Number of protein chains: 2
Amino acid sequence: VELSGIGEMGLIRLLGRDAPRYAGVRVGIGDDTAVVRAQAGRDLLLTCDLMAEGVHFQREWYSGCPELLGRKALAVNVSDIAGMGGRPLYCLVTLGVPPGLELDFIRRVYAGLYDLARECGVSVVGGDTVGFDGGMLLDVFLAGDVAAGGALLRSGARPGDLIVVTGDFGLARAGLELLKGGPPSWSQDLQEGYAAAAVTRLLAPPVRLREASALAGTGLVHALSDTSDGLAAQVSLICEASGAGAVVDGALVPARPETRAVAGLAGASACDWALYGGEDYELIGAVRAEHVDLVRAAMPRDAAPLAVVGGFTSDPAVMLRTPGGGLEPLGKAEYRHF
Amino acid sequence: VELSGIGEMGLIRLLGRDAPRYAGVRVGIGDDTAVVRAQAGRDLLLTCDLMAEGVHFQREWYSGCPELLGRKALAVNVSDIAGMGGRPLYCLVTLGVPPGLELDFIRRVYAGLYDLARECGVSVVGGDTVGFDGGMLLDVFLAGDVAAGGALLRSGARPGDLIVVTGDFGLARAGLELLKGGPPSWSQDLQEGYAAAAVTRLLAPPVRLREASALAGTGLVHALSDTSDGLAAQVSLICEASGAGAVVDGALVPARPETRAVAGLAGASACDWALYGGEDYELIGAVRAEHVDLVRAAMPRDAAPLAVVGGFTSDPAVMLRTPGGGLEPLGKAEYRHF
């Protein structure tokens, strides 16, 4: 079936047919708006993240696995809800369709998005579809909820709290280097499993939703956020919101040995990749030192491991302890959009 | 100030500073997600609409009035909430910034969006900002609410109900012709006030929110929707959802005398413009004949007038009564995105 043959309403119907729909949805795709039930005693969480071709991804990265593009477009939003300690519930998808984009590609993108939606219990309840010359767009809006007053904000970190993170860092950046080709020697030096893990981290990051639920459930986590823009940037944002400073110990930031090896081959510092690479979508939280073991014990058995990477301070400076033991200002290394 | 000088975080801070914020917002712009209070006894309404340069608008249309672009991006979403009989509450804005777009233009776009947000009591609580080669994007996500179970769906029309509409049709289409230049004779034939009204309708349509509230408040409206895709398309959608047919009387569809004149000068049928032109963002509803006067009496004094343009039928055909009195199938004339 050609896209031009089915029209916008045809595409919406086709994509809407398989949309996951769970309890709480009164009206899904097909009216002026979706209608969902509000639940008493809960706060709503609202977020959106755009994935634009040429900015956030190259279409050829996904030519063999369009499903991962759909998965990522939702995952980055689920990650934001996880970063509040909430649960994702309802999603709307704006799709920009450039000329020549194949219907099969679009269907597989949505299949991947729907798969993750099912894994997370998210209903897909609406969206907008637009033929558009400027490249493929996937803009996902996600609504979730959390116990009233229970959202874990960036502003909750207190001096003396330790900085805890899930999983490992720098992997997405390694994946980007691998996708770009990297030095020819890499393919023989790398374990195939690692290359796949690194590329997958970039193409469709994990969602740390169970980890976030467990962290929030302890009642012992003062601040929580995801690290989409990079670990260093997120530490700075938490410090700014909390009126605190921090010291991050570069030697404690978890990175796979292979990530260190790849960074070395690329002539870069693994610590830089881990701190500034971004796109790892791990969690970062603030926990009192005496509660770290309790929090760790509350994590699901197969969860991404928790690591302590430093602490928040009353001194407002945001510092990095280098491998040599010295202190230097922690950079922000914001991605430059303009 | 140059856009490149302030970066993404700088732009977000600048735009966020003036964002309207009303009761119910616990956390606005600046954390992983917005946090808003859910209200017991209400259903949530969720919708989104993308405005993309080159598809929905040309940037030069707004060169003298960027505020209207921001106003329209929100207005088309408010119109969807109005079409459910609900009230708009919380908005997130995804902004795509092409190279060379001036900061002053962006600020004025947001000023216009914020103005309409204030008029409607909408809090702007989040968004995403992306540097993007493919043209300017404004994707607005709007959450609203309505009494639980009280949303006015497309599926509620019953055979025998009359079709009522607000305001007048074909005006946006006339505005489009005027923006495109039209025949040279137009400028002297037209009242200046009409040209301004037509262009304004296209650039920033009215929001029929008070009208929708009044209609919903009567409890006598069986189905309600907005007419963004055109009156004919919306009648067809309501019929499909309601399992009914309809007869629309072309002679009853309200259009300004000047719209008829402009259509004539353009060699088109005013009835075609009114039925298929789209972008008028009026309301369409289903009301029993004996309740039309009651409903009309419930409208605010300065509201857009209500007109009866036909009726829903048990025969599933969707028909147009032509000025000559004959019946022909009502077309859908969907905008072709692909």
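Which residue in S2(A) is the bridge partner of Val27(A)? I looked this up first, and the partner is Val35(A).

**Ground rules.** I note that this is a predicted model, in which local features need pLDDT of at least 70 and side-chain atom pairs count only at pLDDT 80 or more, while totals for chains, interfaces and linings use all residues. Residues are numbered from 1 along each chain as its sequence is written, chains are lettered from A and ligands numbered from 1 in the order in which they are written, and side-chain values use heavy atoms, with hydrogens and water left out.

I took strands (E, at least two residues) and helices (H or I, at least four residues) as DSSP runs, numbered from the N terminus. Two strands pair if DSSP finds at least two bridges between them. Strand S1 (residues 25-27) of chain A is antiparallel to S2(A), and two bridges join them. The two strands form a hairpin with six residues between them. In the turn I found Gly30(A) with a positive phi of about 125°.

**From chain A into chain B.** I then followed strand S2 (residues 34-37) of chain A to its pairing with S3(B), which is antiparallel and has four bridges. Here Arg37(A) has Asp43(B) as its bridge partner, and Val36(A) stands opposite Leu44(B). I also checked the side chain of Asp43(B), which meets that of Arg26(A) in a salt bridge at 2.5 Å, N to O. A salt bridge is a side-chain nitrogen of Lys or Arg within 4 Å of a carboxyl oxygen of Asp or Glu.

I traced an open sheet of six strands in the order S1(A)-S2(A)-S3(B)-S6(B)-S4(B)-S5(B), with mixed pairing. S1 of chain A and strand S5 (123-131) of chain B stand at the edges with a single partner strand each, so one side of each has no neighbour in the sheet. From one strand to the next the twist averages 20°. Within this sheet, strand S4 (residues 87-97) of chain B runs parallel to S5(B) over eight bridges, and Val97(B) stands opposite Gly131(B). Helix H2 (residues 66-82) of chain B lies across S3, S4 and strand S6 (137-147) of chain B, at about 35° to S6(B). Such angles run from 0 to 180 degrees between N-to-C directions, with axes fitted to C-alpha atoms, for helices over the stretch in contact.

Strand S3 (residues 42-52) of chain A pairs antiparallel with strand S2 (residues 34-37) of chain B over four bridges, where Leu46(A) stands opposite Ala34(B).

**The interface as a whole.** How many residues of chain B are in contact with chain A? I read 70, against 69 residues of chain A, with contact meaning heavy atoms within 4.5 Å. The chains bury about 5,600 Å² between them, 61% of it on carbon and sulfur atoms; this is the accessible area (1.4 Å probe) lost on being put together, summed over both. I noted eight salt bridges between the chains. Strand S3 (residues 42-52) of chain B gives the most to the side of chain B that touches chain A, with 10 residues.

Note on methods: Buried area = accessible area lost by both parts, 1.4 Å probe.
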